[in-house]
Amino acid sequence: MTFEKKFNKISRLFQIILLLIPFVNWITEVLVRWSIWNRKKSLGSLIMAVFATIFGVVFGWVDMIWCLVFHHLCLANL
C-alpha cells in the first residue's frame, strides 16, 4: 500500500494534525507526493513532488487548509 493510500485512509482529523506540525508536515508531504508520482509517473505529479520537497512546510500548511475544505491534497489528482 502506498503512502498516498495510507494517508487518505486515516481520519480527517489526524490528516490535519499531521499537516499542522511543521517538520512532520514536510515529511508527510514528501512521502505522499513522491508516492503519487511513483504511481502516476506524470509531469504534474513530478512538479508537485519537487515543490513539496523544496517548499514542504509552507506547502503542507496550504494542503492542510485544502484538506479541510476539499478532503484531499491540493492538486493530488494531476
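Trainee: Where does K41 lie in this predicted model?

Mentor: Happy to start there, and remember that the model is predicted. Helix α3 covers residues 22-40, and α4 covers 43-54. K41 lies in the loop between α3 and α4.

Trainee: Over the face of which residue does K41 lie?

Mentor: Here we look at the distance from K41 to a ring centre, which is 4.3 Å. The ring in question belongs to W37.

Trainee: Are the rings of W66 and F70 stacked, edge-to-face or tilted?

Mentor: A search of the whole structure finds 4 aromatic pairs. The rings of W66 and F70 have centres 4.7 Å apart and planes at 45°. Planes under 30 degrees apart would count as stacked and over 60 as edge-to-face, so this pair is tilted.

Trainee: By how much of a helix are W66 and F70 separated?

Mentor: Both residues belong to helix α5, which runs over residues 56-70. W66 is partly exposed at 29% relative accessibility, and F70 is partly exposed at 46%. Because they are 4 residues apart in α5, their separation is about one helical turn.

Trainee: How is α3 oriented relative to α5: roughly parallel or roughly perpendicular?

Mentor: The two helices pack with their axes 8 Å apart and at an angle of about 85°. Angles of 65 to 115 degrees fall in one class, which makes α3, relative to α5, roughly perpendicular.

Trainee: How many nonpolar residues does the contact of α3 with α5 have?

Mentor: On the α3 side, P22, N25, W26, E29 and R33 take part, and they meet G56, V57, F59, G60, W61 and D63 in α5. By class, there are 3 polar and 3 charged residues in this contact. The number of nonpolar residues is 5.

Trainee: Which residue lies over the face of F3?

Mentor: We again look at a distance from the ring centre, here 5.8 Å. The residue over F3 is K6.

Technical notes: Residues are numbered from 1 along each chain as its sequence is written. This is a predicted model: local features need pLDDT of at least 70, side-chain atom pairs count only at pLDDT 80 or more; totals for chains, interfaces and linings use all residues. Side-chain values use heavy atoms; hydrogens and water are left out. Rings of Phe, Tyr and Trp (its six-membered ring) pair if their centres lie within 6.5 Å; planes under 30 degrees apart count as stacked, over 60 as edge-to-face and the rest as tilted. Buried means under 20% relative accessible area, exposed over 50%, partly exposed in between (1.4 Å probe, protein chains only). A charge sits over a ring if NZ of Lys or CZ of Arg is within 6 Å of the ring centre and within 35 degrees of the ring normal. Axes are lines fitted to C-alpha atoms, for helices over the stretch in contact, and angles run from 0 to 180 degrees between N-to-C directions. Angles under 35 degrees count as roughly parallel, over 145 as roughly antiparallel, 65 to 115 as roughly perpendicular and the rest as oblique. Contact means heavy atoms within 4.5 Å. Ala, Val, Leu, Ile, Met, Phe, Trp, Tyr, Cys and Pro count as nonpolar, Asp, Glu, Lys and Arg as charged, and the others, Gly among them, as polar.
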